[in-house]
Amino acid sequence: VISKNLASHLKLPNRAHHIPLGSPIFPNWVKIYDSFKILYVGTFHQRNIDEAIRGFSRFYFEFKDLIHIEMNIIGGGSPNDIKLIENAIVDSNMSHSIKFLGSIRYPELTNHFENNNIGLSYIPITQYFNFQPPTKTFEYLSSGMITIATSTIENISVIDQDNGILILDNEDSLFEGLKYLYQNLNNYNSIDIQSRSKQYSWENIIYNNLIPYLIGGILM
């Protein structure tokens, strides 16, 4: 099972084994937090990214004269999902500051983890998402990004004051979260964020979780 909280929620027996989701290992990028280069990567399905755009636009217009601010949105969804995002960008007058890049595959995607410094893990706080470990959160942290994440149970288990901030799943809370980050940018260190996130690497999960589990099963 992909999370202990999910196992508990599903009332799985104690013999259920937890093999978590994780992230690739990224190079040791030293990120400078003198700007807001925000990255969203992931599906658009049921993610309400149009809400996030509205919260971002409020922050942009209040702080644009104080610091460079931009947002890059990468992923895929239904035609309706895409239309909601495109309309939100236009309606918020954000075409100059939000790049809607669509689907991008590795290794090209790696460049965006390198060139952005804040990751957005915007997941609605619902029963069906609450116990879903967010791969994007692990990827942001593993690349040294400060991560602003909605307060699902799984995000709460990963995000703390040293690597990001937790928010509610609405535009007001995102706006306040971005303001908090602006006031505290000097408190974050990308190398420390990356170092602490090594536990979430696929390599660590394979060697310290999956292989021992498989060997144990063979020996039994």
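Predicted model: local features only at pLDDT ≥ 70, side-chain atom pairs only at ≥ 80, totals over all residues.
Visitor: OK, helix 3: how many residues does it have?

Guide: Helix 3 covers residues 79–91 and has 13 residues; helices (H or I, at least four residues) and strands (E, at least two) are DSSP runs, numbered from the N terminus. From first C-alpha to last, helix 3 reaches 18 Å, close to the 18 Å expected at 1.5 Å a residue, where the expected span is 1.5 Å times one less than the number of residues.

Visitor: Which residues of helix 3 are buried?

Guide: Asp81, Ile85, Ala88 and Ile89 are buried, where buried means under 20% relative accessible area, exposed over 50% and partly exposed in between, with a 1.4 Å probe and protein chains only. Seen down the axis of helix 3, the buried residues fall within an arc of 100°, so they line one face of the helix; the arc is that of the directions from the helix axis to the C-beta atoms.

Visitor: And what do they pack against?

Guide: The buried residues of helix 3 pack against helix 2 (49–63), strand 2 (68–76) and strand 3 (98–102), with contact meaning heavy atoms within 4.5 Å. On the other side of helix 3, Pro79, Asn80, Val90 and Asp91 are exposed.

Visitor: Switching to aromatics, how many pairs are there?

Guide: The count comes to 12 aromatic pairs, where rings of Phe, Tyr and Trp (its six-membered ring) pair if their centres lie within 6.5 Å, and planes under 30 degrees apart count as stacked, over 60 as edge-to-face and the rest as tilted. Phe36 and Phe59 have ring centres 4.8 Å apart and planes at 50°, so this pair is tilted. The pair links distant parts of the chain, with Phe36 in strand 1 (residues 35–43) and Phe59 in helix 2, 23 residues apart.

Visitor: Are those two buried or exposed?

Guide: Phe36 is buried, and so is Phe59. Another tilted pair is formed by Phe63 and Tyr182, at 4.9 Å centre to centre with 55° between the planes. This pair also links distant parts of the chain, Phe63 being in helix 2 and Tyr182 in helix 8 (residues 171–184), 119 residues apart.

Visitor: Now the nonpolar core, which residues touch the most other members?

Guide: In the largest nonpolar core, which has 51 residues, Phe36, Ile73, Phe113, Leu120 and Ile148 touch the most other members; such a core is a set of buried Ala, Val, Leu, Ile, Met, Phe, Trp, Tyr and Cys residues joined through side-chain atoms within 4.5 Å. Helix 2 contributes the largest share of this core, 7 residues.

Visitor: Where does Gln46 sit?

Guide: Gln46 is in the loop between strand 1 and helix 2, and at 40% relative accessibility Gln46 counts as partly exposed. Not counting residues up to four places away in sequence, Gln46 touches Pro124, Tyr128 and Phe129.

Visitor: Last one, what about Ser190, buried or exposed?

Guide: Ser190, in helix 9 (residues 190–196), is buried, with a relative accessible area of 3%. Leaving aside neighbours within four places in sequence, Ser190 is in contact with Trp29, Val30, Lys31, Tyr33 and Gly144.

Methods:
Residues numbered from 1 in each chain as written. Heavy atoms only, no water.
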